[in-house]
Amino acid sequence: MDVSASAQMLTPLDDLWSRIDSSLRARLRPDLYERWFAPLRPIALGDGRLQIGAPDRFHRDFVEDHYRSLFEECVPALAGERIRIVFAVDDSPRPPPAAEVTAPIAAPAPRHADPLIDPRDSRPNTRYTFDTFVVGASNHFAFAAAQAVAANPGRTWNPLFLHGDSGLGKTHLLHAVAHSIVEKSGGRVAIVSSERYTNDFVAALSKGTMDDFRRKYRECAALLVDDVQFLAGKDKTAEEFFHTFNELHDHHVQIVLSSDRSPKELKGLDERLCSRFEWGMRVQIEAPEFETRAAILKKKADLESIDLPDEVTQLLAQHIRSNVRELEGALMRLAAFASLKSEPITIPLARDVLSDVIPPEGYRPSIERIQEEVAGYFGLTVAKLTSSSREQKIALPRQIAMWLCRELAKETLQLIAEKFNKKDHTTVISAVERVRSLLAVDEGVKTAVRTLTSKLAP
């Protein structure tokens, strides 16, 4: 069959995807294409919608968050009509690249039952190792604890419980521990998200394969479960996990868990299970400080072969404070657009591409925005915050808001007083002085001010 005849047999989906793939290959840097775009594949086309499959949830979320605009720009032009892009997880095996296929394609082998051991459970993400983890003041204790556990699994701290906000490196450390244990022991590790554990449990119940399920999660060199907070409310899954935990702990098998909150704050989970999470070592990971954010950017740029000037590194590190995932995502988005435009990465380009996360020069938050953020942080309404109430649960947030209006918005004392319904500015002076003194001695106030400043500061 000649090439033209073969092309005529392409389905509309295959034909469109072939053109999309060719366009992306031509426009993107090869390493960027291979890492994020080559693993994608089309799932369905119809009703004005193109569904694109990614190999796992992380890949899907990353592409959707940072590269959706690329698809929304090129797909309608290639299709000749408006098409909505939908990203989904399609984790079925990918075929090898065409260049690697040297033998005729044989008829597909009969599909057997799913194997007992899913290869993803014993193959941690190759990008997440101790060598690629950037250590700073916010995470050095968690890093040291993870290394200690990896060096002596099941004997040092068991379990190791890592908690902190999303995107701070918990998953990275879980995979780094798994890598180390696999390298040293040669054994199989079971490393999964709580969602995957739940899905496997439900499938085992429905198929009557609970013995296989238990061997999978109990006959391993280590069990590492990400985002255990999602076990809350799933009573049967949590009960099974409770027994698995006990079995592994009794046999000195290392358990590493991560969550977005501490065990005591896990609502909807059996108290017996939460108490076991405290048996070993519990470590909190904080948001990275400026120096660590800058180091993370430099490390990521080196790994991805991105030419990132120092002044752009500082710009991104200054403005993107919340988590590592957002920081790395901004860098990859910037690199993609620089590649598409065939331009070097510069401050003007960064401000243009990342205008949603980098405010314009000279930006200052308004008093109204500060009031909204402070009220939301403390669970109040703006009306309560600006009322005349002298209750401590309202008075202290009000004083913090006034301090922020003075420090970040640089507003006059009189205007701040007016916006908080005060007769004169002496109340504002008193509030600013009180917060300044509390910052030296009160951890709660320091945490509140640091978090709010991160949200509000330019």
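Begin by selecting helix H8 (residues 194-207) and helix H9 (residues 210-218), whose axes come within 8 Å and cross at roughly 150°; the axes are lines fitted to C-alpha atoms over the stretch in contact, with angles running from 0 to 180 degrees between N-to-C directions. H8 and H9 are therefore roughly antiparallel to each other, a term for angles over 145 degrees. Helices here are DSSP runs (H or I, at least four residues), and strands are runs of E with at least two, numbered from the N terminus.

This is a predicted model, in which local features need pLDDT of at least 70, side-chain atom pairs count only at pLDDT 80 or more, and totals for chains, interfaces and linings use all residues. Residues are numbered from 1 along each chain as its sequence is written, and side-chain values use heavy atoms, with hydrogens and water left out.

Then move to Asp227, in the loop between strand E6 (222-226) and helix H10 (235-250), which has a positive phi of about 60° although it is not a glycine. At 19% relative accessibility, Asp227 counts as buried, meaning under 20% relative accessible area with a 1.4 Å probe and protein chains only.

Finish at Pro159, in the loop between helix H6 (140-151) and strand E4 (160-163), where the peptide bond from Asn158 to Pro159 is cis, with omega near 5°.

Definitions and conventions
Parallel < 35°, antiparallel > 145°, perpendicular 65-115°, else oblique. Buried < 20%, exposed > 50% of the residue type's maximum accessible area, 1.4 Å probe, protein only.
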